[in-house]
Amino acid sequence: TALIMFYMSTGAMNYPTFLLSVSLIGFCFGGFLALFPSVTADFYGTKNIGSNYGLMYQAYGISAFVGPLIAKAIPLTQAFLLSGLFCVLALVMAKLVEVPKKADAGELVKQEA
């Protein structure tokens with residue numbers, strides 16, 4: 001997604017390349033929307049998966065309101081550049097996240113007591 005956003009901000013853009021670029025970005029969205037619920041369950045457990053994933057999904061919902069405001073406030077090429085930078089930032093943050101360690105039953109009993 002970052003590469004396509006950078007291309008859209010700097011490359012030659014006509015109708016076919018715009019459609020191709022937007023389609024490729026759409027394919028990326030399908031991947032993360034399918035994976036994030038299971039990643040949320042892996043990190044936070046399945047007991048409260050509905051509320052936990054709901055909180056994670058809020059970022060997607062908020063961006064639906066904020067993104068068009070940003071795109072309206074700055075030139076479109078700069079909006080794509082900014083989006084590409086956010087994609088790179090998200091990639092770095094994803095690489096820094098550590099998988100949580102599962103506690104054994106003995107540790108859970110100690111924590112509850």
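**Helix packing in a predicted model**

In this predicted model, 50% of the contacts in the protein between residues at least 6 apart in sequence join residues at least 24 apart. The protein has 5 helices and 0 strands, and 12% of its 113 residues count as buried.

Biologist: Why are helix 1 and helix 4 called roughly antiparallel to each other?

Modeller: Helix 1 and helix 4 (residues 76-96) pack at an angle of about 160°, with their axes 8 Å apart. Angles over 145 degrees count as roughly antiparallel, and helix 1 and helix 4 are therefore given that description. Their crossing is left-handed.

Biologist: Which residues of helix 1 and helix 4 meet, and how do they divide into nonpolar, polar and charged?

Modeller: From helix 1 come A2, M5, F6, M8 and S9, which meet T77, F80, L81, S83, G84, L85, C87 and V88 in helix 4. By class, the residues of this contact divide into 9 nonpolar, 4 polar and no charged.

Biologist: What makes helix 2 oblique to helix 3?

Modeller: Helix 2 (residues 15-44) packs against helix 3 (residues 49-73) at an angle of about 140°, and their axes are 10 Å apart. Roughly antiparallel would require an angle over 145 degrees, and roughly perpendicular one of 65 to 115, so the angle between helix 2 and helix 3 makes the pair oblique. The crossing of helix 2 and helix 3 is right-handed. On the side of helix 2, the contact is made by F29, F32, L33, F36, P37, T40, A41 and Y44, and on the side of helix 3 by I49, N52, Y53, M56, Y57 and Y60. This contact of helix 2 with helix 3 has 12 nonpolar, 2 polar and no charged residues.

Biologist: Why does V22 count as partly exposed?

Modeller: V22, which lies in helix 2, has a relative accessibility of 39%. Buried means under 20% and exposed means over 50%, so V22, with a value in between, counts as partly exposed. The C-alpha atoms of V22 and M8 are separated by 9.3 Å, the two residues being 14 residues apart along the chain.

Note on methods: Residues are numbered from 1 along each chain as its sequence is written. This is a predicted model: local features need pLDDT of at least 70, side-chain atom pairs count only at pLDDT 80 or more; totals for chains, interfaces and linings use all residues. Side-chain values use heavy atoms; hydrogens and water are left out. Axes are lines fitted to C-alpha atoms, for helices over the stretch in contact, and angles run from 0 to 180 degrees between N-to-C directions. Helices (H or I, at least four residues) and strands (E, at least two) are DSSP runs, numbered from the N terminus. Angles under 35 degrees count as roughly parallel, over 145 as roughly antiparallel, 65 to 115 as roughly perpendicular and the rest as oblique. A crossing is left-handed if the near helix is turned anticlockwise from the far one by less than a right angle, and right-handed if clockwise. Contact means heavy atoms within 4.5 Å. Ala, Val, Leu, Ile, Met, Phe, Trp, Tyr, Cys and Pro count as nonpolar, Asp, Glu, Lys and Arg as charged, and the others, Gly among them, as polar. Buried means under 20% relative accessible area, exposed over 50%, partly exposed in between (1.4 Å probe, protein chains only).
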